[in-house]
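Hi,

Here is the structure I said I'd pass along.

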Amino acid sequence: MREIQVTINGRVYRELVEPRMLLSDFIREKCGLTGTHVGCEHGVCGACTVMLNDSAVRGCLIFAVQADGQELLTVEGLSENGEMNDLQKNFSECHGLQCGFCTAGILMSTTDYLNKNPNPSQKEVKEMLSGHLCRCTGYDGIVKAIEKTIEDNQKKVLQRG
């Protein structure tokens, strides 16, 4: 067993873990944050995507001990003062989710992507989404929700500007 300390969504977690425990399992089992889902456990489906030091990563491909001393953001940390952020609201409004299993990972990847590329084309959005498997939506609502978020963000920049 090894003790690690990880800051998740602004809260510090100090836990004993097996050296081979996956980060996704640590988040769910040790920290009780069940929004991060585990699908394929091979990094293919994207359901376990979280932000590690401001970059999207697959939680099933990283050991918890590798995150020692690092900062994580999970889907639970996207809301602001208990309110969904714009991306989450747009997923709801544009019907970008159905069963919701893949949604948390897509939200995390999209957050990272839009932070780094605030004005992508539809083709670029679809390429980013190619790293996620969604069996329910056909991606149309997801793409519309992301495009609406891009538009909302651009309006905010113009209003500030």
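Predicted model: local features only at pLDDT ≥ 70, side-chain atom pairs only at ≥ 80, totals over all residues.

**The hairpin**

Start with strand β1 (residues 2–8) and strand β2 (residues 11–17), which run antiparallel to each other and are joined over seven bridges. R2 has V17 in β2 as its bridge partner. Two residues sit between the strands of this hairpin, and N9 has a positive phi there, near 55 degrees.

**The salt bridges**

There are six salt bridges in the structure. Here are some of them.

R2 turns up again: its side chain meets that of D68 in a salt bridge, at 3.6 Å from N to O. This pair ties together distant parts of the chain, as R2 is in strand β1 while D68 lies in the loop between β4 (55–58) and β5 (71–73), 66 residues away. R2 is partly exposed, at 40% relative accessible area, and D68 is partly exposed too, at 27%.

Next, look at helix α3 (residues 103–116), where K116 and D112 are four residues apart, so about one helical turn separates them. Their side chains form a salt bridge at 2.9 Å, N to O. K116 is exposed at 52% relative accessibility, whereas D112 is buried at 11%.

D152 is buried, with 17% relative accessibility, and K148 is partly exposed, with 28%.

Cheers

Key. Residues numbered from 1 in each chain as written. Heavy atoms only, no water. Pairing = 2+ DSSP bridges. Salt bridge = Lys/Arg side-chain N within 4 Å of Asp/Glu carboxyl O. Buried < 20%, exposed > 50% of the residue type's maximum accessible area, 1.4 Å probe, protein only.
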